[in-house]
Amino acid sequence: MNVNCSEQVVVQLGFLKNVPVFIGLPEEKLKKIQEIITEEQYAASEIIIKDGDHGETMYILLDGEVSISKKLTLLPSDDEHDVKDKVLIKLSARHYAIFGEMALFEEKSERSATVGALTHCKVGTINRADFLQLVEKDSELGAITFKNIAIILSERLKKANKDIVKLTTALSLALG
């Protein structure tokens, strides 16, 4: 459970303009984004997003560090102790990190990884319905943010493809 309930927060424009999703937005558009952001806080080791859960929220890491991980098994298991998580990446607020952005594209999006707080974290949240209502009213804002999200997802897909090739090669060599 998160430390504090969601509350309206004003994320500084200087911070928002560096968040990859919002790069290129003029100040008046960033102010519209500010209006739909709420804040949540999580204690160290607390789960923010759980792989497989459904969600409709994108997160902006405002303070702290998180890890993104996946389970190392594809087989169903009743014993949670048999399942190990592999940390894929660690993200820091210093790098204007975002996660959960795929939830902006589909209703009740299934989370593709687990995100856990490594330190006390403060996150800005953007709800799918609020975001879609905003981009429907402001097509320029929508075009820029969706283009930025497409770039982010494309980069992540390229990295995932490279990782798959490395893992497949390693498995082929191991099975020889």
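Guide: Two strands pair if DSSP finds at least two bridges between them, a strand being a DSSP run (E, at least two residues) numbered from the N terminus. This is a predicted model, in which local features need pLDDT of at least 70, side-chain atom pairs count only at pLDDT 80 or more, and totals for chains, interfaces and linings use all residues. Residues are numbered from 1 along each chain as its sequence is written, and side-chain values use heavy atoms, without hydrogens and water.

Visitor: How many bridges join β3 to β10?

Guide: Strand β10 covers residues 114–117, and β3 runs antiparallel to it. The number of bridges that join them is two.

Visitor: What is the bridge partner of Ile-49 in β10?

Guide: Ile-49 belongs to β3, which spans 47–49. Across in β10, its bridge partner is Val-115.

Visitor: Which strands stand at the edges of the sheet?

Guide: The open sheet has four strands with antiparallel pairing, in the order β3-β10-β6-β7. An edge strand has a single partner, so one of its sides is left without a neighbour in the sheet. The strands at the edges are β3 and β7.

Visitor: Is Glu-40 buried or exposed?

Guide: Glu-40 sits in strand β2, residues 37–42. Buried means under 20% relative accessible area and exposed over 50%, with partly exposed in between (1.4 Å probe, protein chains only). Because Glu-40 has 12% relative accessibility, it counts as buried.

Visitor: How far apart in space are Glu-40 and Tyr-59?

Guide: In sequence, Glu-40 and Tyr-59 are 19 residues apart. In space, C-alpha to C-alpha, their separation is 9.5 Å.
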